[in-house]
Amino acid sequence: MERRSMCIVTLITDYGTRDYYVGALKGVILGIAPDVKIVDITHDIEPHNVVHGAFVLRQVWPWYPPRTIHVVVVDPGVGSDRRIIVGQYAGRLVVAPDNGIVTFLHHDLPAEGVYSVEDRRFTLPCVSETFHGRDVMAPVVGHLAAGVAMREFGPEVDAPELLDVEYLPRIEANVIHGSILHVDRFGTLVTNIRREQIEAVVGRGRTPEVLVNDVLLGPIHAAFCDVRPGESLAMIGSSGLLEIAVNQGNAVERFGHSGVISVVVR
Amino acid sequence: MERRSMCIVTLITDYGTRDYYVGALKGVILGIAPDVKIVDITHDIEPHNVVHGAFVLRQVWPWYPPRTIHVVVVDPGVGSDRRIIVGQYAGRLVVAPDNGIVTFLHHDLPAEGVYSVEDRRFTLPCVSETFHGRDVMAPVVGHLAAGVAMREFGPEVDAPELLDVEYLPRIEANVIHGSILHVDRFGTLVTNIRREQIEAVVGRGRTPEVLVNDVLLGPIHAAFCDVRPGESLAMIGSSGLLEIAVNQGNAVERFGHSGVISVVVR
Amino acid sequence: MERRSMCIVTLITDYGTRDYYVGALKGVILGIAPDVKIVDITHDIEPHNVVHGAFVLRQVWPWYPPRTIHVVVVDPGVGSDRRIIVGQYAGRLVVAPDNGIVTFLHHDLPAEGVYSVEDRRFTLPCVSETFHGRDVMAPVVGHLAAGVAMREFGPEVDAPELLDVEYLPRIEANVIHGSILHVDRFGTLVTNIRREQIEAVVGRGRTPEVLVNDVLLGPIHAAFCDVRPGESLAMIGSSGLLEIAVNQGNAVERFGHSGVISVVVR
């Protein structure tokens with residue numbers, strides 16, 4: 001696998017932005033592959049929240065060019081015997097702990113190879129028990145960017161670990177029962193109900209209605225500005241998923257972090 | 001308009017840093033113009049606060065080299081019929097929703113052309129109702145960086161939308177009546193009163209005094225260290241605007257977010 | 001001192017991420033040296049907390065390649081007569097206020113030259129009293145990256161200012177008395193007790209125990225996962241320093257920000 005010199009490496013971590021962790025990670029990558037273009041996606045994944053990391057990874061995936069390397073460090077099991085993996089999906093690469101981070105990616109796209117990182121030639125000489133982002137993942141990324149093929153890092157893995165998360169909604173005749181996957185910075189609730197699933201349930205001319213915990217919210221709108229500021233609405237968000245939002249307001253404060261979201265076609 | 005290959009693109013958004021929004025925006029830009037240098041200015045504009053975004057945009061403007069492209073995404077009206085504009089001021093470009101974001105820029109510098117983005121060849125094929133940063137502004141930036149001229153994107157605009165904000169203080173004989181434009185991370189209050197306005201009012205040998213809500217604060221100091229830690233002071237800040245600060249402390253906790261700031265020459 | 005064109009410049013500041021300060025700093029650097037690669041380490045140093053900045057600087061130092069320029073702006077004395085310095089340690093450069101920021105670096109590595117920035121050819125023409133990051137440090141970094149030698153900026157300094165901080169623990173026979181240097185985003189307490197100091201005190205076969213404020217915490221573990229989620233533990237962290245942590249939890253909430261940390265060999 002040849003790489004062009006200006007390889008893109010994106011970072012998704014729960015390291016936060018007040019410590020030296022992000023800085024050390026970047027330094028190790030640049031020490032091995034000085035020409036990569038490092039792109040911060042987020043360092044504010046909720047600490048140890050693998051679902052949050054998995055969601056962000058899945059959402060940014062289609063928007064980066066082939067050969068991009070995404071590094072995801074949300075690693076509550078650091079120091080245990082969980083593996084570090086390198087995987088390829090749709091021509092882009094991911095380097096991450098094998099703890100379910102790739103769940104949504106793996107569900108939606110065919111894997112083009114997932115390998116376990118075992119060859120110590122590609123880690124730092126001294127691997128700490130608590131900072132595999134710096135000591136394993138960063139040098140692996142550096143070597144990948146410098147042209148080392150995935151299979152060089154270790155044996156192929158049958159399947160990565162997957163989270164036991166309700167990623168797909170349950171569909172019963174004229175009702176879709178979904179749940180909340182993510183709450184964004186604006187307080188918008190992103191559900192696991194997809195546009196295509198709604199379209200499949202809705203017959204021509206029939207209008208779907210959305211319920212939050214069995215309370216009617218209303219129809220599915222096209223945009224925030226279809227309702228007045230402060231009013232809540234359901235809409236298909238930019239990720240193609242049903243969202244519950246408040247125009248210029250905060251839906252999580254109104255509805256909470258969890259609950260059953262239903263789409264009913266009457 | 002020719003561009004050099006290593007074009008600078010800066011980002012000012014209210015997307016925050018825990019979601020996929022910034023990551024998707026960057027990916028779309030890099031997919032079209034892989035050689036641009038993306039510079040994060042801030043993603044922590046207060047959600048939907050157009051004045052905050054307009055202030056930061058104005059303040060960074062003079063410090064970037066010509067041909068820099070500044071993208072500002074603070075877009076409470078996304079999905080409405082508000083336009084996306086590309087504008088040029090002093091040789092630098094801005095891509096933003098036409099919602100007043102360029103107000104302070106437009107006030108202080110001559111516009112060298114403002115165009116409405118309407119040609120769908122330069123957006124993503126599928127434009128969502130809620131994420132024009134990714135679907136419209138990012139591809140426009142990519143194409144601008146790749147050498148497309150502003151006028152290619154759509155018709156010229158007579159004037160961009162401007163905010164109804166008290167950008168200029170009211171000057172009456174020996175008094176300047178101003179207000180607070182911005183509160184910075186240190187809690188310093190940045191007013192709309194400019195150094196030159198104070199100099200114009202002050203005669204030779206006369207000393208201006210600063211009042212906060214009609215209570216005397218004191219003279220205008222040269223630097224924080226002119227007062228003791230914990231003491232408040234007025235000074236001309238790095239933006240050339242009068243600021244109310246507390247040495248090694250927090251002025252907004254002491255004086256609040258709003259109020260009348262006066263400079264009196266007795 | 002020749003520099004390659006793609007020089008790495010890292011930023012460690014307490015500017016936060018909601019103002020224009022970081023943006024202006026980056027713009028000035030890129031205006032002078034457009035080809036540098038700017039790397040954000042953190043802008044969330046606690047405001048005016050020089051120890052926090054000094055700790056992060058020390059921790060990232062070994063991970064960046066030679067000729068990297070680290071800029072550290074934590075500057076409570078801006079506008080006073082404190083100097084701006086350029087220093088070299090182990091082939092990397094630092095540009096910072098002379099207020100103790102380099103304390104831990106200076107303690108651990110031999111200085112290869114520290115110079116006071118005095119030549120106004122290398123600052124902006126107009127230097128404000130409150131923003132030396134933009135007006136002095138940024139242009140100095142630009143000129144350093146463009147190939148200007150350290151000695152060009154001003155006279156050599158005998159020694160930089162050093163903080164009066166308990167950087168080294170006190171060792172008495174079979175006890176090491178340490179303190180907390182840093183609290184990280186996960187709430188982990190990083191102490192000033194080093195792995196080698198523990199190894200020197202511990203004889204073969206004897207097991208060290210850790211006390212927090214004279215209360216026994218337990219032995220030193222190898223990794224978080226040696227204890228159950230929610231349990232606290234002592235371990236050697238990724239920086240080679242003794243840390244007090246809670247597996248998937250928060251140690252500072254349990255133990256507070258300060259206190260005496262002891263390692264006892266019985």
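Between them, chain C and chain A bury about 2,700 Å², and 58% of that area lies on carbon and sulfur atoms; please keep in mind throughout that this is a predicted model. If we count residues, 31 of chain C are in contact with 37 of chain A. On the chain C side, the residues that lose the most area to chain A are C:Trp63, C:Arg185 and C:Ser238, and together they account for 27% of what that side buries.

What kind of polar pairing do we find across this interface of chain C and chain A? The rule finds 16 residue pairs in polar contact, with both residues of each pair at pLDDT 80 or more, whereas the number of salt bridges found across the interface of chain C and chain A is zero. As for which elements take part, strand S2 (37-42), helix H2 (50-60) and strand S8 (175-183) of chain C each give two or more residues to the side that touches chain A. Sorted by class, that side of chain C has 17 nonpolar, nine polar and five charged residues.

Let me now turn to the inside of chain A, which is divided into domain 1, covering 8-152, and domain 2, covering 170-265. The C-alpha centres of these two domains of chain A lie 32 Å apart, and six residues of domain 1 are in contact with six residues of domain 2. Domain 1 and domain 2 of chain A bury about 490 Å² between them, with 65% of it on carbon and sulfur atoms. Which residues of domain 1 lose the most area to domain 2 of chain A? They are A:Phe55, A:Gln59 and A:Asp108, which together make up 68% of what the domain 1 side buries.

One of those three residues, A:Asp108, also forms a salt bridge with A:Arg194, where the closest N and O atoms are 3.1 Å apart. The count of salt bridges between domain 1 and domain 2 of chain A is one, and the rule likewise finds one residue pair in polar contact across that interface, both residues being at pLDDT 80 or more. On the domain 1 side that touches domain 2, the elements giving two or more residues are helix H2 (50-60) and helix H3 (103-108) of chain A, and H2(A) gives the most, with four residues. By class, this side of domain 1 of chain A has three nonpolar, two polar and one charged residues.

Technical notes. Residues are numbered from 1 along each chain as its sequence is written. Chains are lettered from A and ligands numbered from 1 in the order in which they are written. This is a predicted model: local features need pLDDT of at least 70, side-chain atom pairs count only at pLDDT 80 or more; totals for chains, interfaces and linings use all residues. Side-chain values use heavy atoms; hydrogens and water are left out. Domain bounds come from an automatic or database domain assignment. Contact means heavy atoms within 4.5 Å. Buried area is the accessible area (1.4 Å probe) that two parts lose on being put together, summed over both. A salt bridge is a side-chain nitrogen of Lys or Arg within 4 Å of a carboxyl oxygen of Asp or Glu. A polar contact is a pair of N or O atoms within 3.5 Å; within protein, one must be able to donate a hydrogen and the other to accept it, and residues adjacent in sequence count only if both atoms are side-chain atoms. Ala, Val, Leu, Ile, Met, Phe, Trp, Tyr, Cys and Pro count as nonpolar, Asp, Glu, Lys and Arg as charged, and the others, Gly among them, as polar.
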